[in-house]
Every structure is written in structure tokens, then in C-alpha cells.
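Please look at the sequence and the 3D structure below, and keep both in view while you read the explanation that follows.

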Amino acid sequence: MGLLEPHGRGRRLFRRDGLTPVIVVHSLAHAVAALSAAAEAERPVILASAPDAGIYAGPGWFGALIGAARDAVPAAQCATLLDCGDDAGAAQAAIRAGVEGIVFTGRADVAERLADIARQRGARLLTTRPVPALDLGTEFFTSPEILCRRCAFLLASLPPV
């Protein structure tokens, strides 16, 4: 199975070819900038949390962040990933909270059980964190305009879909 389709039913944005860029967001401003650039470029993106964010920030924070960003830029197409590291409890909480994509890097036997639970809830579980095309973590306090330009530059540099 491909990097972005190791478990669960397929969503169109989770493609095996790697053409859907993964952008790591750390704040609402990051998520809105990424979605604004995606809508402008008419290109889907995958918004991913920082590594282990499912452990320290939780699915409530991530769900609220993604919901607010999607409300701010309804024309954008995106899939989302909450990284829960190797914490099975955090992954279960994310599944219960309705997070659509979860990264779990713990034991394989636990991952299989979590993948089954995720499938039943319409979520997908990845056992490998995808390589991001852009991580906005170093630009936490950057203006929204510059964030949007960074994301737009990334999207413009990728091959057409």
C-alpha cells in the first residue's frame, strides 16, 4: 500500500502518487493561509498537525482549528492529518472525535486494531508520517500575507495535477 493509503477507505485527496502536498500547520493563521493559497491555485492540500500534536494539543483543538479554517475558506479542498505519535489513547480520542486522518506510529499490532476502529468510523489511520512539502512552524508569528505567499509559492512550484 502507498504512503498515504496504508489503511481504510480511500478519500480522493489521499493519493498514492504524492501529488497532494502536505502542509504542516501550527495555528489558525497557518491553516487559513494554506487553504487560501490552495483555493487560489484550485489545488487540494493535506493539512497536517505538528508531530505528536494529538498528544499535547488533542483532537478538540485540531478539530476546532480545521473547522474554523474551512469556514474561512470554503472553496478550498483539503484533507487533514492529526499526528498522535505512538500514543494509542490519543489516536482513539482522535477517532472518537471524528478526526478524518490520524497518524499513529506505535506498535504494529496496536495499529491494526486502531485501523479497524478508524475504518468503522470513516476515518483513516496512517502508520507513517508523510513527508511535508512545507512546515510553517518556523513562521509562527509571520503575517498572514507572507504565510499565504509561502504556500502559494509552494503550490506554484509543484507539477500540475
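A residue is called buried when its relative accessible area is under 20%, exposed when that area is over 50%, and partly exposed in between, with a 1.4 Å probe and protein chains only. The model is predicted, and for this reason local features need a pLDDT of at least 70 and side-chain atom pairs count only at pLDDT 80 or more, while totals for chains, interfaces and linings use all residues. Residues are numbered from 1 along each chain as its sequence is written, and side-chain values use heavy atoms, with hydrogens and water left out.

How many salt bridges does the structure hold? There are five, where a salt bridge is a side-chain nitrogen of Lys or Arg within 4 Å of a carboxyl oxygen of Asp or Glu.

One of them joins Glu100 to Arg70, with 3.1 Å between the closest N and O atoms. Because Glu100 lies in the loop between helix H4 (88-96) and strand S4 (101-103), and Arg70 in helix H3 (residues 58-72), this pair ties together parts that are 30 residues apart in sequence; helices (H or I, at least four residues) and strands (E, at least two) are DSSP runs, numbered from the N terminus. Glu100 is buried, at 11% relative accessible area, whereas Arg70, at 31%, is partly exposed.

Another salt bridge links Asp109 with Arg107, whose closest N and O atoms are 2.8 Å apart. Here Asp109 is partly exposed, at 36%, and Arg107 is exposed, at 54%.

Arg119 and Asp116 also form a salt bridge, with their closest N and O atoms 3.9 Å apart. Both residues belong to helix H5 (residues 108-120), where they are three residues apart, about one turn of the helix.
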